[in-house]
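Please load the model in a viewer and keep the sequence panel open beside it.

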Amino acid sequence: MDAVQISHVTRTFGTVTAVDDLSLTVPQGSIYGFIGPNGSGKTTTMRMIVKIFYPDRGEIRLFGDGRPETSTDLIGYLPEERGLYQKMTVQAVLEFYGELRSGRGVQAEVARWLERLELAGRASDKVETLSRGMSQKVQFIAAVIPEPKLLILDEPFSGLDPVSADAIRSAILDLRRHGVTVILSTHDMHLAETLCDYIFMIFRGRKVLDGTIGSIQDQYGEDTIRVTASGGFAAVEHLPGVEQIRDLGQVRELRLTRGADPQEVLRALVAQARVTSFSLMKPSLHDIFMRIAGPAAEEASHANA
Amino acid sequence: MRMHKVLTIARRDYIATVRTKAFLFGLVVAPVLFGGGSIGMSLLKSKPDLKDRHVAIIDHTGVVAGALVSAAREKNQRELFDKTTRRQIAPRYVFEVIAPAANPEDQLLALSDRVRHKQLVAFLEIGKDALHPPKPADDSADGTSEKSDPDGSVSYYTNAGGIDEMRNWLNGPINEGVRMARLAQLGIDIDRNKGLTASVPIEGLSLVERDEKTGEVQAARKRNELEGFLVPFAVAMILAMIVMVGSAPMLQNVTQDKSQRIVETLLGAATPFELMTGKVLGSVGVSVTSSLLYVIAGTVAVNALGVAGLLPLTIIPWFYVYLLADVVMLCAFAAALGACCSTPQDAQNLAIVLLMPCLIPLFMLVTVLRQPNGMLATVMSLVPPFTPILMLLRQAMPDGIPAWQPWVGLVDVVAFAAATVWAASRIFRVAILMQGKPPRLAEMARWAMKG
C-alpha cells in the first residue's frame with residue numbers, strides 16, 4: 001500500500017497557483033526528498049498532505065484512506081517555521097505534543113528520545129533557554145512522538161551544526177528501518193542524493209522530476225565531465241562540444257552538447273593543457289536542479305515566452 | 001471533532017493562563033478598577049477640602065440674607081466638627097452681606113473678580129421682587145421660554161466646575177428664608193408656629209406580602225437603596241469584569257501562537273476547529289475559575305456585612321448561563337481576530353473591537369438602571385452581544401422584568417454564540433497561517449461566508 005497518493009491536486013492562493021495538477025505516489029517505508037526553489041510549492045504540498053490546507057481540486061489519500069480525521073493522527077509533522085511554547089519546560093512541551101497526537105501519556109518515549117539526542121539534561125529547562133540547534137532537536141522529537149507511520153519534515157537540517165545534523169539523519173534512517181515513511185524537503189542536493197530513495201522536484205507548482213536518483217540521472221545520460229588541468233579556467237575554455245562550464249574551484253565541470261563525443265573533448269583538452277584528471281559521469285542532482293531552475297533556465301524560459 | 005485533542009489544548013491553555021502573574025494580578029486589580037474606584041472615592045471623601053467657603057450676598061429684598069447667614073451658622077455648628085474626635089470634617093460656610101451699590105454692573109464685576117481671585121467661591125444676588133416674583137410669562141409662539149426676570153429670582157454667580165455642593169445646599173435655606181419672610185409679611189408669628197414650614201420625610205418601603213407558610217400579611221420592610229441600585233449594578237459589573245478578564249487574553253494568546261510559529265505545529269496534530277474549540281474551552285475554564293472566586297468572595301462579603309438578604313439568588317443560574325455564553329461568544333470572536341493579526345501590535349489595535357460587546361452595555365448601565373423596562377433597555381437587552389450584561393442587570397432589579405424576556409434573550413445569545421463560533425472557525429482556518437498586513441473587514445466577512 002502506498003503511504004501517500006496525490007492525484008491531480010491543484011491549490012491556488014488568490015491569483016497564484018501554488019500547486020498545479022500534481023500527481024505523486026510515495027511508497028510506504030521510503031524516504032522521499034522534495035526539492036525545488038523557494039516558493040515552488042514544496043511547503044504547500046506538505047501542508048496539503050497534513051490537511052492544513054485543502055486542495056481546490058484533486059485528492060490526497062494517506063495509506064489508502066481519504067478521510068482526513070483519522071489519517072492525520074498517523075503523521076508526524078515538522079514545519080519549516082518552527083515554534084514551541086517558550087515558557088514550558090522541554091519535558092512538558094514534548095508531553096503536550098505527544099498527547100495531542102496520540103491521546104495518551106508519552107513520558108517514556110519522551111525520555112528515550114531526549115536521551116538519544118543528548119537532551120536528557122535539559123528536560124526540566126524552559127524551551128526559551130535552549131540554543132537554536134537544541135530547539136530544533138526538541139521540535140524534531142515533537143514530530144516523532146509517538147512514532148508516526150508517516151513523517152513529514154520541512155527542511156529538517158536547516159540551521160543545524162554537523163553533529164546535530166548527523167544525529168537527525170541517523171534518527172531518520174532508524175525510523176525508516178522501523179517502517180516509517182519519510183517525506184523531507186531540503187535545499188541540500190548532496191543530502192537529498194545520499195539520503196533519499198526517491199526525489200521529487202517541483203518548480204512553479206508543477207512536477208518536473210520524480211523517481212530514484214539513478215532514474216533521474218538516466219534521463220540526462222553521461223553528459224558531464226569533471227576535469228582537473230593546469231592552466232585553470234582558461235584551459236577548458238573554447239573546447240568543442242562543450243555548452244557550459246562550471247568552476248567548482250579545484251575542479252571544472254563541463255556539460256556536453258547533445259551528441260558530442262567525450263573523446264574529442266579529451267583530445268582538444270590535452271592539446272592545450274596538462275590534464276591530471278578526467279572523468280565522464282552522469283549529472284549531479286545539483287546540476288540537474290540548476291538546469292531546470294537556475295538562472296540560465298530562467299533566461300531561456302523568458303526568451304521562449 | 002476529536003475531544004481528546006480539544007481537551008488537551010484546553011488544559012494546556014488553562015494552566016498556562018492561570019499560572020501567569022498577569023492573571024493573578026488581574027484577579028485582584030480588576031475588581032478595584034471596575035468598582036468605580038469606590039475605595040479611592042471613600043478615601044478621598046474622608047479627606048475633604050476644609051478651606052472656608054466665602055460667599056457674598058447682595059440682598060435687594062433686605063430680609064432673606066439674614067436667614068441665609070443664620071442657616072450657614074447653624075450648619076457650621078452642626079457639621080463642622082466630628083462629635084467624638086472634635087476634628088474638623090467639613091468646610092466652614094462664611095457669608096458676607098453686601099449692600100447694593102449705585103452702579104450694579106461695577107459691583108457685579110468687582111465681585112466676579114473676587115471669585116476669579118479665589119477670595120469668594122460664589123456670590124448671590126437676590127432680586128428685589130424675589131418674595132413676590134411676577135407670574136412667569138407664557139411660552140412664546142416658537143416654543144422657547146422667556147428668560148426669568150432677575151428682579152424676581154436669585155442669581156448665583158460662580159466659576160465652580162463639577163458638582164457644586166454650595167449651590168445644592170443654598171436651594172434649601174434660600175427658599176426657607178423666602179417662605180419665612182412671606183409668612184412674616186402676612187403677620188404670622190413664626191416663633192409660635194415652628195413646624196409651619198417643616199419638610200415631611202418620604203420613606204421608601206417594599207411591597208406588602210403574605211407569608212406562604214403562616215398566611216399572615218407581613219409588614220412592608222424599609223427599602224434599602226442598595227437593593228434598587230447597588231446589587232444590580234454590582235452583578236452586571238462582576239459579569240462584565242469576568243467576561244473581559246476571561247476573553248481578553250485570547251486575542252494575545254492566538255496572536256502569540258501565530259507570531260511564535262507555534263500554530264503550524266499544532267495544526268499538524270489538530271484541525272483548526274479543534275484548535276479553536278480547545279482554546280475557547282480553556283478560556284471558559286479561566287472565566288469559571290475567576291467567577292467562582294468572585295462569587296465565593298462576594299458571598300462571604302455580603303454575609304459579613306449582613307446584607308445577604310439583598311442578593312437575588314434566583315439570578316445566579318442566569319449569571320452562569322450568560323457568563324458561559326458571553327465568554328464563548330467573545331473568545332471565538334477573539335480567536336478569529338487573533339488569527340488575522342501577525343504581530344502583538346496588530347492585536348493591541350484590535351483589542352478595543354473585542355471589548356465593545358462589554359463596553360457598550362457598561363456605558364448604558366445608568367440609563368437602564370433609571371428605566372429598566374423602558375423601550376431602549378428592553379430592545380438593547382435583546383441584542384445578543386449586549387444581552388448577557390443588560391438582561392442580567394434588569395433581572396437583578398427588585399421590580400424585575402417580564403418572564404419571557406430572559407428566555408428570548410437566552411435563545412438569542414445561544415444562537416448568536418453558535419453563529420459566532422461557526423463564522424470564527426472559518427475565518428480562523430483561513431487566516432491562521434497568513435502573514436503580513438491584517439485583512440480588511442470585507443475579507444474576513446468573505447472568509448466567514450465562504451470558508
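Predicted model: local features only at pLDDT ≥ 70, side-chain atom pairs only at ≥ 80, totals over all residues.

**Chain A as a whole**

The mean pLDDT of chain A is 88, with 95% of its residues at 70 or more. Within chain A, the lowest confidence falls in helix 2 (residues 68-71), where the mean is 59, and the highest in strand 7 (residues 181-185), at 95.

Chain A contains 11 helices and 13 strands, and its C-alpha atoms fill a box of roughly 70 × 45 × 35 Å along the principal axes. Of its 305 residues, 38% count as buried. For contacts in chain A between residues at least 6 apart in sequence, 70% join residues at least 24 apart.

Next, colour chain A by domain: domain 1 covers 2-217 and domain 2 covers 222-281. The C-alpha centres of these two domains of chain A are 40 Å apart.

**Strand 1 of chain A**

Select A:T10, which belongs to strand 1 (residues 2-13) of chain A. Is A:T10 buried, exposed or partly exposed? It counts as partly exposed, because 15 C-beta neighbours lie inside 10 Å. Beyond its neighbours within four places in sequence, A:T10 is in contact with several residues, among them A:T17, A:V19, A:D20 and A:D21. Its contacts also include A:P55, A:D56, A:R57 and A:G58. For a distance across chain A, draw a line from A:T10 to A:L173: the two are 163 residues apart in sequence and 31 Å apart in space, C-alpha to C-alpha.

Move to A:P146, in the loop between helix 5 (132-144) and strand 6 (150-154) of chain A. The peptide bond joining A:I145 and A:P146 is cis, with omega about -10 degrees. From A:P146, step to A:E99; these residues are 47 apart along the chain, and their C-alpha atoms are separated by 8.4 Å.

A:E99 lies in helix 3 (residues 90-102) of chain A. This residue is buried because 23 other C-beta atoms lie within 10 Å, the threshold being 20 or more. Leaving aside neighbours within four places in sequence, A:E99 is in contact with A:R104, A:G105 and A:V106, and also with B:T8 of the other chain.

Most residues other than glycine have a negative phi.

- A:R204, in the loop between strand 8 (198-203) and strand 9 (206-211) of chain A, has a positive phi of about 50 degrees. It counts as partly exposed, with 16 C-beta neighbours inside 10 Å.
- A:H238, in the loop between strand 10 (224-229) and strand 11 (242-247) of chain A, has a positive phi of about 60 degrees. It is exposed, with 9 other C-beta atoms within 10 Å.

**The contact between the chains**

Now display both chains and select the contact, to which chain A contributes 19 residues and chain B 16. On the chain B side, helix 1 (3-18) and helix 8 (263-267) each supply at least two residues. Helix 1 of chain B gives the most to this side, with five residues. By class, the chain B side has six nonpolar, five polar and five charged residues.

**Chain B and its helix 6**

Buried residues make up 33% of its 451 residues. The domain assignment gives domain 1 (3-40 + 224-450) and domain 2 (49-135 + 147-195) of chain B, with C-alpha centres 52 Å apart.

Finish at helix 6 (residues 165-185) of chain B. Its 21 residues reach 31 Å from first C-alpha to last, close to the expected 30 Å. Where does helix 6 of chain B have a kink? A kink of about 25 degrees lies at B:N171, shortly before the proline B:P173.

Show the side chains of B:L170, B:P173, B:I174, B:G177 and B:V178, which are buried in this helix. The buried residues of helix 6 pack against helix 4 (65-79) and strand 4 (154-157) of chain B. An α-helix has 3.6 residues a turn, so residues three or four places apart point the same way.

Notes: Residues numbered from 1 in each chain as written. Chains lettered and ligands numbered in written order. Helix = DSSP H or I, 4+ residues; strand = E, 2+ residues; numbered from the N terminus. Buried ≥ 20, exposed ≤ 12 C-beta atoms within 10 Å, placed from the backbone. Contact = placed C-beta atoms within 7 Å. Nonpolar A, V, L, I, M, F, W, Y, C, P; charged D, E, K, R; others polar. Domains from an automatic or database assignment. Expected span 1.5 Å × (residues − 1). Bend = angle between axes of the 7 residues up to and from the residue. pLDDT = per-residue confidence, 0-100.
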